[in-house]
Structure formats: C-alpha cells, structure tokens
Amino acid sequence: MANRKFWQSYEEYTNDPEYVEKKHNEFAEKLPFASFELATQKSTPRRDFLKMLGFSVSAAAIAASCEQPIRKAIPYVIQPEEITPGVANYYASSFINGNDYSSILVKTREGRPIKIEGNPNSSMSPNGGTDARAQTSVISLYDNARLKNPKINGEVTTWEEIDRVVGGDLREIARQGKKIVLLSSNIVSPTTKKLINEFGATLGNFEHVSYEPISYAGIIEANKKSFGKNIIPSYDFSKANMIVGFEADFLSTWLSPNEFLGQYSKARKISRKNTKMAKHVQFESLMTNTGSNADERYIVKPAYLPMAVGALYNAIAAKSGAASLSGNFNIGLDTNTINKTARQLWNNRGASLVVSGSNDPNVQVLINGINNMLGNYGSTIDLNKPYNIGNSSDEAFQRLIAEMDRGQIHGLLIYNTNPAYSYFNTARFAEAIKKVVVTASFNDREDETASLVKFFLPDNHYLESWNDAEPKKGTFSLAQPCIRPLFNTRQFQDTLLSWMGKDESFYDYLKANWTKSITGNWDKALHDGVYEGKVKSAEINYADTGGGNLAASATSAASAIIRKATGIGDQLELVLYQGLIGDGKYANNPFLQEIPDPVTKVVWENCLLISKATAEASGFIEGDLFRISARGNALELPLLYQPGMADNTLAVAMGYGRTNAGSDNCNKGANVYPLVSYNEANKTFDYNIKGEEFKLARIGGTQAIARTQMHHNINDYLADSNEPSQYDRKEQLVREATLAEYKEDHWAGNAIGKKFRDPHFWDHHMVTLYDKRPELKEGHHWGMAVDLTACTGCNACVAACNIENNVPVVGKEEVFRAHEMHWLRIDRYYIGKDDNPSVAYQPMMCQMCDNAPCENVCPVSATNHSAEGLNQMAYNRCIGTRYCANNCPFKVRRFNWFDYQGADSFIAKTAFDNDENVTLADDLSRMVLNPDVTVRSRGVMEKCSFCVQRIQTGKLDAKKEGRALEENDIKTACQQACSAGAITFGDMNDKNSRAFKLTKLDERSYGLLEELHVLPSVKYLTKIRNTEQLQQDALS
Amino acid sequence: MATMIDIFKLSISKLLLLTTCLFLLNVNVFSQDELIKQGESIFKANCASCHYVTNKRMTGPGLAGAVQRWEENASIEKLYEWIRNSQAVIRSGDVPYANKLYEEYNKSVMTAFALSDDDISAVLLYIENPPVEVGKDPGDDEMVETKALSWSDPSVIFMVVVSIILAAIGFLLSRLIGNLRRMSYQAKGLPVPERVPIVRRLTDKRFLAAASILLVIFLAVSAFDVTTNMGRQQNYQPTQPIAFSHKLHAGINGVDCQYCHSGARKGKSAVIPSANVCMNCHKAIEEGPEYGKTEIAKIYEAVDWDPETQTYGDNPKPIEWVRIHNLPDHVYFNHAQHVNVGGVECQTCHGPIEEMEKVYQHETLGMGWCIDCHRETEVQFAANDYYQIYEQLHKDLKEEGKKVTVEDIGGTECQKCHY
C-alpha cells in the first residue's frame, strides 16, 4: 500500500524543490509591504511607529466622535400578508436558460430573491439538488450590465415607442409577404412555443429557428436514421447496472447533468445494507469530470473514439448474434478492453446504458445500435419521453445564415442567443445581418450580437418572469416572478402579445393554456412548481419522420466512421469541450467564473490542455503561449499539462473570450468557437478539429494561469522532520477500497480508522497534548458525513456555500496570490502515474475539530469552541494575526485582504479597496447578500460555520413549535445543493439520526489527520470503486 | 392658638358630614355612570369601527340621536332586533326606515351581534350620554427630553457651585491654619517659616508626579468609558415624523404591544407596523387627545385616505420612522427567540414603554448588558419539548439546587449572536 502515490499537481508529482520549500514556509506569502525592510532598517523606526500610532489613534478618534448617523425604519404602507420582515419565503419556480433547466425553490427575503434551492418535488432534481449554474443564476439578476431600458439605435426609448415602430415595421414586412425569422436559444416552454406559433401565424411568412452553439443535433439526426424519430430520448442512469460513456460529460455538462447526477448517485450509492453498485466505464481523450469519476477509464485519441464505438458494436453483435459491421475498427485500441466492456454490458443487458457526447450522428447511430442489442430501450432509455432540452437544429441555423446572406430575410428577432459571439464564422454572420431590414434583440445586455442590431428590447430576468417548461415530455414545471422587474424591461412573451395586438398579459395566456391543456389545478401546480401527472390534452407532438432503420443506418454510419478515421495516425488533434461556464452566456457571472473547473482547477479563463508526455516530446512547457490558427482565425492560449489526456491531443473549453459580456474582468480567456466547423453531410456542428485543419505555433512569452489547487494544502508532512511519518498522510486523506474488498470487509481501506475507533487505542498507544475535553454529551453535537463514493466534484456545493454565506469574489489577480475566499473547496487528488491516474474528489470545509489547533493560538480568543461542537469565529473580535490559518492543518481558513463587499465604512475605490475592482460592493450587487450572515470587513479571518444561521433558524423553528428538533429541520447549504446526496449533516448526539449512524457507526467513516487528535466533526466515508484493482502505480 | 385649633376641628367635622351626604346622594348617579362605562366598552369593542357617537358618518351612520330616530320611525324593540340581526329586519320588510338606511349606506351589511338586552341598553345609554370633550392634561408635557447629563442640568450647576464654595472654604481654612500657626510661632518666639508661594507648591516635583498619575488614571478610565460606549445610544430620543405616544396607546388605552409589533412572535424583527395597521383603529378615531387631528392626519396622508369621502387614493407614501434601537451589523438578534420562546416581557429590554410619551432607548444594548441577562435568566424547560435534550443537565443541576440558566446551555457563546 505504501507505494501508492497521491498527488494534486505536477510540482508535487515531481517533488519540485521550490514547491517543497514553499510548503514548509510559515505563511504562503510575505506581507505585501514594499518598504517593510526599509522601515525596519531606519535609524529611528520607533519615532515612525509613534507617529503612525498617533495618527491612527487621532484618526480613529475623529472617525468615532462623529455623530451616529440617523437610521430610518420604513415599514410598508400595506404589508403583504405573506411577508414577515426577517422571515424568508420560498417560491417554487424554474430556472430556464436555453439548454439549462432546473426546477427550483427561490428563497426571498423582504421580496428579494437571495438564494436558489432545488425543488424536491421534481423528478428532474433528484435529492432536491441543483447544479452550480442554477445556484449562481441569482447573481445574474443583480447584474449591472443588464440593459435598463429599451433602445432604438442606442437611444433610450419607451415600450410604447418600441411597439409602434417595431410592431409597425414587422406588420409592414408581413404585408409585403417578406420573411421574418425568430432566432432563439432552445425553448423548453410549451406555452412560449405555442405563443410563437400564434405570433408567426399573424405574420404569415415566419420561421422560428432554435440555435445553440453547443449542439445535440447529432443525437436527433441519429434517432431520425435509426428510429425515424426526430428526438433525443430520455435516459435513466438509476436503472443501469453498467454505464459506458464515450466522452460524454453527463455528470457535469451533458444534456441534463443535474438529473443524471442524481440518477447516477442512486445507482452507485452503497451502504452496509445495499452493496449493489453500478459500474461505470468511460472512454475519452481528455479528462472530463465524468470520466474522472469512472471506475475504469480508458484513454482513446479523439479520432479513434468512433472506432471504439464501432469495435464495441461488433463485440456485442458477436454475443447477440446480430450482423457485425464490416471493416476493421481496432485501430489505436486495446481489444481486450473492448471485449471486457462488451462482456460486462452483455451480462447486464436490459440494465445497462451506453452514451456518447459526440455530435456526430454516425457515432450516435452506432450507440443506438449498441443500446438496442443490449435491450436498453424501454428500461434505461425511453423513446416515448423525449427531451425538449437540446432540440436546436444546426442545419436550420446554417440555412438561416444563407438566406440572410441572400437578402431573403427582412425581419430578424433574436431572443436569448448570441451568434455574433458563438457562431464559428462571426464575420459571415455580421455581413449577413446587415442585409436584414429590421433587426431586434431581446437579449438582456448589449452583447456581441446586440451591437449588430437596431432595436434592443431587453427581456426580464427569469426571476422576474412568468414561464413554464417541459424539459422532458410529460414533466411540466412553472416559473413565477419573485421580484418586480428591477429595470424598465419587458418579458419577451409580453412583447409578442403586445405586437399581436392582444390586451392580455403572458400570465393570463399561460394560465389559460395550462388550465386548458395541462391541468385544471393551476393553484396546486403553481404551489408545487411542477406537474408530472396526466395531461389534459397533449398539444405537443414530436415529429415522427418514419422510415428509420437501425441496421441499415448502422452499416452506412460504420463506413463513414472508418472513412473519417483513416490516416489520422499520430497527428495532433484538438477537442473543444464545455466547462462550468457553459456556452458563454454566464461569462458575466463572477461567482461562476471563480468556481474552479472540477478537473483542472483553473479559474477565470480557459487554457490549452495537453498531456505532459506530448508537450515534452515537442519541447513545450506549461505556461507557454500558443497561437492556434484555423480557417483564417487565430487565437492565443497558454499551455497547461493535464494528466490523463490522450497523447497528441489538445483540449480547450468553450465559452470564454467574450468581448461584450459586461464587465471587462469577465472578458477573459480566448474564444474557441471559430474553430468549430459545420459538417454538411451530418448536418451538425463538429467540435473536433483534425491536425491538418489547424496550426499550432509557440509565439514566445508565457502566461501565468490562475489555479486554486495548490493554494490551500493539507499538511502532509511533519513540521520538523522530512522523514515520512508513521502514517503516510496523503494516502490516508482519501481512503479507497474496491467493491469486492468492501463486500468482504466493511472496514476495507479504513484499517487505521478501525484502530482509532477503539477507545483503548488512544489510552495505550498515543500521547496527546490536549486536556481531556469533557465529551459533548448534552444538547447537540453537530457533525457531518461526506460520502466520497457519491461525491463527483461537481462544485454545486461550492456555489451554494458562496451565495448562502456572502463569500466574496476576489478576481483573477487575487487568485494568483492565493487569496480566494471559498469556505468550501474541493480537493482533487490524482492517484498513480500521470498518464492515466485515477481521481478522487474531497470536499474540504472547516472540520470543526473538537480539539481545534486554531483555537489555541488566537491571542484574542476570537475563535473558540461552542457547547454544540462548533468551532466559532467571532469576526468583530478578530484582529487578523492569521495565526489560526497558519495553525489549521486543513487550511480552511480565509483572510480578508481587502474589503471585497463594501463592509467597511471607508469609501470604495480608496487604498482600502481591492485593487482589481471586481468587487461586488455596489448597491445592486449587494442586494443578493444574505441578511442573516455578517458581511466581513477587511482584516478579519473567516471560515465555514456549518451554516450556523441555518442551525439557529432550525432550532428556533422547533422551539417556536415547542417540539424536539428533527433531522430534516437543518440542512447546510452544501448538503441541500448536493444532487448526489453525498453530504449528511446532523446532530451526532441524536442516536436515531443518519448523521450519528454515518459518523460514529459506519465502518467506512474516518476523520482526517486523526493521529493529531484534533477530533474533527466532519467524517469522510471511504471511496469504493467498482473495479478489480485500485490504481497501484509505484512512486518511482 | 386655641381658636385656630377650634376652627380647624369644626371645619373637619363639617367636611366629613358634607362628604357623607354627597356620597349617599351620589349612589344613584354612580350606577348610571357604571352602565355608561359598560356601554362604552361594548361600543368600543363592537361598534366603533363603523360608527361614531357623534353625527359624523362613517361606514355606518353617526349614532347621535339614533335612539330618537328609531323611536320616531319605528320602535325601540325593532332597534334591538336590528342590532342583533339587521339582515333579518331588512328581509322582513316591516321597517321601511331600516331598508332606507340600508340603501343609504351602499348596502353595506351591518354585522349581527349576539348581545343581551342589558348590553344593548347599556350601549344605547352610552350613545345618549356621549363623553364630554376633555381638555388637555398639562401633566403629559413633562416628559424627559434627554436623560444624559448636560451643563445646563440643575444638578450639574449645583455640583459646580458647591465644589467652588468648598474649594474657597478649603483655601480660606488653609490660609487660616497657616496664619494661626505663624501667629503661634510668633507668640512662642520661634522663627517664622517663610511663606511658600502657591506657584512653587504647584510646580513641586512630588505634586506634579502625583497629579500626573491621577491625570493618567482619569484619562484611561474616561477613554475606556468612551470607547466602550462608542456607537451606543442609551437615552437616544429622536423626534419622530408622527408624534406617536406609546403612553396613550400602550399605557392608557392598553393596546397589546404585539397588536402592532406583530413580528415579535414570528421572526427576528418586531416590525414597525405598516400604516394599514394604524388604519384598523384610526379609520374611526380621527382625533387624538393631545394633538387633535394634526398627527392622525399624517397617517391619512401616508395611506392616502380621505376622511371626508371615506375613500383611499392611489398615492400612498410610507412613513419614515427614525430607528431608535440599533444593533451593529455583526450582532444577530431575534425577537421570536426572546418573546415567543423565552417569554421575555417587552419592558425588560425596552423599559417602561407604556409610560413613554416619546420613546427613548432605555438600556445600553451593550454586550455586557445582554450577557448579564443570559446569566440570570432561567430556561423555560417545562413548557417546551425542544429542551428535552438537556434533560440530564436539568436533573443534575436540580439536585444541586441550582437553576438552569441560558448560559448553562450555551447562551453566552460567541456564535449564538455573532455569525
């Protein structure tokens, strides 16, 4: 066991001397005093000190002697019945933005939305969780870059004027019989679709085109060929015992990730009683978040991934007796791997699932064939419940550009899509749009596309709008406004209704449509947020084109695949993938920008990922700047080594490099959409770029990359010794076992935990400096269990924590200085050799040690222990010595180097302000702050509080009702956001609670650095992998 | 002297006789008053939200002369029926006057009241003997504007004068002693010591040292005092946009605190009532005893109510009250925990609010003050099942004869109030 290597970065992997020295330093950086040494060397520093002291004392005296400001208390004139100031209200709603969908609960305080939670009633959010995008979507409501008024040619105007001018222009175009097009993002709202159809009917020559830069058209095209159905079927990972993914990042970004994560966790969550665990095998070229969670991960070059699908098809065909595909698929593949996977799939036929993230219909046709042979249709795949997510057509958009180019389009309405940024041929789009007579944008900001149009008709934010959604056939949800529109904006649908000359609002229209077609019980549907029952009349029909043929389509797809892969050899390939930031529409969301990528841990930008072996073979070094040129476009990116990448492969995240996102601080990274191409034969966008299609050149110079992983590292060495400690700490941080080992012995992988669980062990074998603390047997003792088997590192908890606890955004420059403030970080560990390491994720929050090392060193006792086991932090007592952060072995404490959120009375934009000015200290941004959590000022330490405000609220609610506290009364923000159900929080003194059972009884449970006798209240559950053998690569 | 005493005695006995007679005569009057008082309380509880006792119309007619009108147009018996169930009277059609009234007041239905004959008679008696307008009570004006010491305060002036006098006496005495001693030396023929000028005494090193030590101590103590009170506003008594009197509402009229401050049981904020809560009563009460109509008119302006037409307009403006009790941002205080769970009286923290014409901050609201209370206050164990988890602690302390205070269950820990 001792030879297993755990590492987080290449510096650690190679034991870089600079890194090792830095690790041993007391503080991560020196104090930023330019003249610090100068000052101490002066002959009379004492006098300077006295001067400074005198100045600051008198300054403080002047500041303090000022009169107290008069504070007003302004009550409502008529207080709404449902609002009690100081008590939060929750409204069920839906987060809808193109292909992103979540059924949510909106927490409002005094009428302002401040937090998003998942709606536990919805089948689309299992475990009641949400993803990071839904969590941070509340920030975009208070975005300063939003358009505040409608505009004509950049001049502010009124909605009446807009209706008169634009409505009139459109009617005129319609009268002439010329064509008007509505170009929108994918729309999942059945009522909006109905309205658009009716609107189109009033105009006559009208077309609605859905366009998404990150397309799933390949799946739709494939289902047309295989089944004659123009659809994306729904998937159910929870019913699968065997999951195979081909570069499909279904846990993080692909199609409906939040839903899939819940299902996946359901299929894989094991306990003492239930040891059934689905196996997940992933074939991929870059390391996706999903792939990093796979039990077995195989690296295949991008060009050969379709070949792997073909090989798997043939291997399963051989078992099922179906006709094999002709041709040799075994290029660049390990035949044993394919055969093994095929065997496992075949053993689980009817309860397996094969998915591919490719947008190539030929690949998807073979995937359909494989799933069909395995009998997965009807069990894990449902053709009768297709998704409305991802239903954009690449072909229709291509056709639209051509028609615009030919001058055939006279009216173009753009709704929630930004082709001037995300279309690969921006210049062509810009040219084509000039030929359109009337151009209008409903986008919420003056983005890249808006600058090409005449009319700006800003749409409401989704939290200000009525809407509905049908993400999956038969799964309905409603969205309701939770705040009055902040600006003079108008909902897109209301604008359409107004142009149709109707008096009704979209609310009336929506309600009428629901009561007529969906459910009679509108009030209940609105209250619950979702409706998944019987539908009154199905108005939505899915195109059934007929003529599908599985076998024939597979044969032609196979030959196309072989043709495409022939002759690729070892040439360099480039893959574009989707990151947390999405297709770019969330670029101006600083919270999302600062959440590290789950795998690379890079923030605020994208980089060129490459395997270290390939880079070294070409003489490239991490941080070097490169220029990629393709099809007349060029872009510059820094190089970053990524373990587990296929050789001769580059990967870049899409969605960065905006130019008009809003704040300049958010226009970071490079836009890689110009590298996308359109495949005429497949009718789809292609995100893989062959070596002959692009040029890579080192342009000299380097660029530092802001990465968070090495900033706050758990001490894995003994302070005064370079010898390995008795227990190899790094290895003990993440404990692992195979499923077979676990079935045999529940203590598998956690032998040391077993030893520490024995009460006699401490007495006989260990010496402790701490006094024997009376056990917290009375009252509550809060504890948390984190299941490492369930955690996929998706970052939803980080986003939820940031918004719940007013954790500030610091900006890229500050991240370079390791000043990021996240109370909850996810440590990503690589295990084994860097060519294909296995990966483990470990959420790190304050461990709430009962013998907390931070408490002992605080000179002012600003951090101390509560009777409920909380390691408390009193901000107003803290004087900022940072000793506690230094003494914390888990490195979970964060120091406020600047006034990031305007907590201090000193005015913004002074020397006290954050020099980068990405702070969200203005009045609009501050509207999202949680009023129950102090906004920390400059110079104080802060850290995870176990969401003490939620603990106190839960306790108070129980007291008000005069009953004992129940387990579900209190949920921490991270726990509530987790779709995988990996986090369990509760009272460890309550013998019936899950928290007690998991932290104190479960054999998988262990605390970090237990040998230090810090007695953490956070326990982790051993990571179980459904594989034959753990990664065993040696140190050497 | 004797005559004086006699006169005194006589007057006392006369007075006694007179009062006894008056008392006997008054019994009858007294019971009538009692009835009117009873009628008044029934009227205020049931009728006042729609009727005035004057001629003035509100939702329903002004009741001055109502009894007479019913006597003329129908009968007193019908009036009793009408009060018990007006709709039945209207439906029966027996009383055309009743139907006329119903039409006249926009068919607003009068609530049916299950009152006894005695109750109704009492109300009618009250209507016939409405309260007489009472003049201002001058005593109300004597409210303390501010409780902080100021130089104009008589006690301060007194103390300064006394200290000056004492200093002068001390000076004179010391001179006297000095002169006497000198004289005694002279008398004894001893050498007379030289008179030390006062300046030299004051610049003496020992004196200076002692004085500066005293000065430092004084400065330190006052600096500590100033800094601990920094931002605290005890006795803060700002002028509010409306001269609202808690003495009148909570004290004299006995309105329950939580009728207006309804948030105190539910959440962290006790809530300053929205103006529509004021209108629950002030739709009927247009005039106050102190300021007449001026202050109440400010509520009407806020909710845009026209008392003449009895209609609301569409231009309401919220009232901008001045906040008196301010806690710093890093303090979390929840009213529900104290009022609802802890059963703490409002007055415990807000002082004798029912006696305040103009509200001021009674306590320091400093942390020491909070902690003191948490150390002494007993936890309401029996009443609340939540505290079951502390059963053992409760038992143990009971055996020792101690009570479980808030502090014992962690009520003085940082993160109970700071997070």
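Predicted model: local features only at pLDDT ≥ 70, side-chain atom pairs only at ≥ 80, totals over all residues.
**View 1. Domain 1 and domain 4 of chain A meet at a contact between their surfaces.**
Chain A is divided into domain 1 (6-22 + 782-1025), domain 2 (151-215 + 392-531), domain 3 (217-387) and domain 4 (570-702). The centres of domain 1 of chain A and domain 4 of chain A, taken over C-alpha atoms, are separated by 31 Å, and the contact takes 21 residues from domain 1 of chain A and 17 residues from domain 4 of chain A. On the side of domain 1 of chain A that touches domain 4 of chain A, the elements that give two or more residues are helix 27 (796-804), helix 28 (812-816) and strand 33 (825-831) of chain A. Helix 27 of chain A gives the most to this side, with four residues. Sorted by class, this side of domain 1 of chain A has 11 nonpolar, five polar and five charged residues.

Two bridges join strand 1 of chain A to strand 33 of chain A in the antiparallel sense, and W7(A) stands opposite Y830(A) in strand 33 of chain A. In general, strands of a sheet pair through backbone hydrogen bonds, either parallel or antiparallel.

**View 2. Strand 8 of chain A is covered on both faces.**
All six residues of strand 8 (residues 179-184) of chain A are buried. On one side of strand 8 of chain A lie K179(A), V181(A) and L183(A), and on the other lie I180(A), L182(A) and S184(A). Strand 8 of chain A pairs with strand 16 of chain A in the parallel sense over six bridges, and in strand 16 of chain A the bridge partner of L182(A) is L413(A). Strand 8 of chain A also pairs in the parallel sense with strand 9 (residues 206-210) of chain A, over five bridges, and in strand 9 of chain A the bridge partner of S184(A) is S210(A).

**View 3. Helix 17 of chain A is mostly covered.**
Six of the eight residues of helix 17 (residues 492-499) of chain A are buried, namely F492(A), Q493(A), D494(A), T495(A), L496(A) and L497(A). What covers these buried residues includes helix 7 (190-203), strand 16 (409-415) and helix 18 (506-518) of chain A. Just after helix 17 of chain A, G501(A) takes a positive phi of about 75°.

**View 4. Helix 9 of chain A is mostly covered, and its length agrees with its number of residues.**
In helix 9 of chain A, 11 of the 12 residues are buried, including P257(A), F260(A), Y264(A) and R268(A). The buried residues of helix 9 of chain A pack against strand 4 (100-109) and strand 10 (232-235) of chain A.

**View 5. The largest nonpolar core has 278 residues.**
The residues with the most contacts inside this core are A308(A), L312(A), L366(A), V786(A), C797(A) and C974(A). Helix 11 (residues 305-320) of chain A gives the most to the core, with nine residues. Leaving aside its neighbours within four places in sequence, C974(A) is in contact with C797(A), A800(A), C801(A), L824(A), M845(A) and I983(A). A second, separate core of 10 residues includes F43(B), C47(B), Y126(B) and I127(B). In soluble globular proteins, nonpolar side chains tend to be buried together.

**View 6. Chain B touches chain A, and a pair of strands joins the two chains.**
The contact takes 48 residues from chain B and 43 residues from chain A. The elements that give two or more residues to the side of chain B that touches chain A are helix 12 (275-282), helix 13 (294-303), strand 3 (321-322), helix 14 (335-341) and helix 17 (391-399) of chain B. Helix 14 of chain B gives the most to this side, with four residues, and by class the side has 23 nonpolar, 18 polar and seven charged residues. Strand 2 (residues 72-73) of chain A and strand 3 of chain B run antiparallel and are joined by two bridges, with W321(B) as the bridge partner of A73(A).

Terms used
Residues numbered from 1 in each chain as written. Chains lettered and ligands numbered in written order. Domains from an automatic or database assignment. Contact = placed C-beta atoms within 7 Å. Nonpolar A, V, L, I, M, F, W, Y, C, P; charged D, E, K, R; others polar. Expected span 1.5 Å × (residues − 1). Buried ≥ 20, exposed ≤ 12 C-beta atoms within 10 Å, placed from the backbone. Core = buried A, V, L, I, M, F, W, Y, C linked by C-beta atoms within 7 Å. Pairing = 2+ DSSP bridges.
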